[in-house]
Amino acid sequence: MGDYLFVLTNVFDQKVNVNPFSHLHDCVERAITISRLLRRLQISAVITMDSNTIRDPDNVVCRLPPCQKKTEEGSESTRHPQCKPNVVCLRDFEEYAKTNMPRDVFDYYAGGSDTEQSVRDNQEAFKRIRLQSCILRDVSSRDISTTILGQKVPFPIGIAPTAMQMMAHPEGEMAMAKAATAMGTGMVLSAWTTSTIEEVAEASGNGLRWFHVHIFRDRSITRKIIERAERAGYRAIFISGDTPVLGRRLRALRNEFALPSKFRLQSFPLQLQIEDGTNNDNFPEYVNTQIDDTVSWDDIGWIRSISSLPIVIKGILTAADAREAVSRGVAGVVVSNHGGRQLDGVPASIDVLDEVASAIRGSGIEVFFDGGVRSGTDILKALALGARAVFIGRPALWALNYDGSAGVCKMLEILMIEFSVAMALTGSLSVADIKKDLLRRQIIYAKL
Ligand SMILES: Cc1cc2nc3c(=O)[nH]c(=O)nc-3n(C[C@H](O)[C@H](O)[C@H](O)COP(=O)(O)O)c2cc1C
């Protein structure tokens, strides 16, 4: 049994009465492409034609990807009525979301703090690193799998915690979790979730799930959230160390953005919200009162004293902080500048990854990465600079908006294929082969 598969049972028995290039055909084609590219994959989801669903063995249901092919006549007007624009790379999901989401929601997700220099730089910095090709190697049997905190994953990609996902899609975090499970990887559920901790656990079935927690001013809230997450089978706690205060996100301020009143922040117990008189109108103020600028490294010791789950510190950008994390007994760190949403003007995450990873190499701590990952070659670069796996933030939200679970599956699949191709073209047979010598850094300033 391989790591991850689509089962194509009954596919060819189904009556396809739309046209030969309908949803079903697309899906089968994709599964076959993937299984060819990644020889270790077997096929294990059940695709049925009834009401356009894919069921995986755990009964996770995703909508089939939308029809993306023209009919044989090739005219736009003969496309399936549910057609959405074709998506072939992560940028396409963003283009879709930009026109499909309400403007203030898109801005909330896309934006960063202040001038958004770090948002832009996260992606620009990847472009300053070039790859070295490697030709005429037999790359026919590549293994792109790895482990994250001891759990096997079919590719080194997870979903980063992002707040309030129901604004992107009605199934929000549940759809995101379903997709991560269907693709064999995991998602970090944000503490600012619009689905409950338990609903997301149920949606992810027996898949991997991790929980992101803020150390709130009222520590009993944090304790209760951690207890709920433990009971619901989350396997690690991700703590963002970079949010003693929230960055000034100018787009949200200009738009006077607030969580629409039909949604709730579900990791806060309802009782607590009522007691505090909190409703969604005063959500920003409520959040601000719970964000604690006294949080320190000593609180990591407190979390360790109340939970046996592995702890991962997110928001590390310096060697010194990485060493401190090691000394506090954590299981991992995420090199991250919070997608440019906290301190504007810090280096791009990828520009400090090497320094951070080198500082704690040999400590046994796992180094993860996020910020600006938009392609398979970005993943290759991050791994070459010392990351064990990368996490995806905004593109997962765009994909969720594109087509819920199926959209996120598709996004992960695109990344997986791109990463596999990048490995082949750099002569890498396994993730262990991906080393710094595959990279060249563009020199920006030269002596005249
Ligand atoms: C809309 C949004 C909400 C986020 N919410 C959280 C959060 O609740 N907790 C957290 O640790 N990081 C949060 N992040 C940061 C992400 O986890 C991640 O660090 C960042 O998005 C990675 O950059 P990328 O979007 O370029 O992939 C958020 C990011 C975005 C875009």
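I'll start with helix 7, residues 219–231, where the buried residues are Thr-222, Ile-225 and Ala-229. Buried here means 20 or more other C-beta atoms within 10 Å of the residue's own; exposed means 12 or fewer, and partly exposed is in between, with C-beta atoms placed from the backbone. Those three cover an arc of only 65° around the axis, so they sit on the same side of helix 7. The arc is taken from the directions from the helix axis to the C-beta atoms. As background, an α-helix has 3.6 residues a turn, so residues three or four places apart point the same way.

Before going on, this is a predicted model: local features need pLDDT of at least 70, side-chain atom pairs count only at pLDDT 80 or more, and totals for chains, interfaces and linings use all residues. Residues are numbered from 1 along each chain as its sequence is written. Helices (H or I, at least four residues) and strands (E, at least two) are DSSP runs, numbered from the N terminus.

Back to helix 7. What do its buried residues pack against? They pack against helix 6 (197–204) and strand 9 (208–213). The face turned away from the buried side carries the exposed residues Ser-220, Glu-227 and Arg-231. Just after helix 7, Gly-233 takes a positive phi of about 85°.

Next, the loop between strand 8 (186–189) and helix 6, which holds Thr-196. Thr-196 is partly exposed, because it has 19 other C-beta atoms within 10 Å. Thr-196 and Gln-266 are 70 residues apart in sequence, yet 4.8 Å apart in space, C-alpha to C-alpha.

Now the annotated position. An unreviewed UniProt entry lists His-338 under "active site"; UniProt positions are in the numbering used here, feature names are shortened, and annotations may be inferred rather than shown by experiment. His-338 is in the loop between strand 12 (332–335) and helix 13 (349–359). Is His-338 buried or exposed? His-338 is buried, since 27 other C-beta atoms lie within 10 Å. Leaving aside neighbours within four places in sequence, His-338 is in contact (C-beta atoms, placed from the backbone, within 7 Å) with Ser-240, Asp-242 and Gly-315.

Then the ligand. It is surrounded by 23 residues, the closest being Ala-160, Ser-190, Ser-240, Gly-339 and Gly-393; a residue counts if its C-beta atom, placed from the backbone, lies within 6 Å.

Last, the whole protein chain. It has 15 helices and 15 strands, and 47% of its 448 residues count as buried.

Notes:
Contact = placed C-beta atoms within 7 Å.
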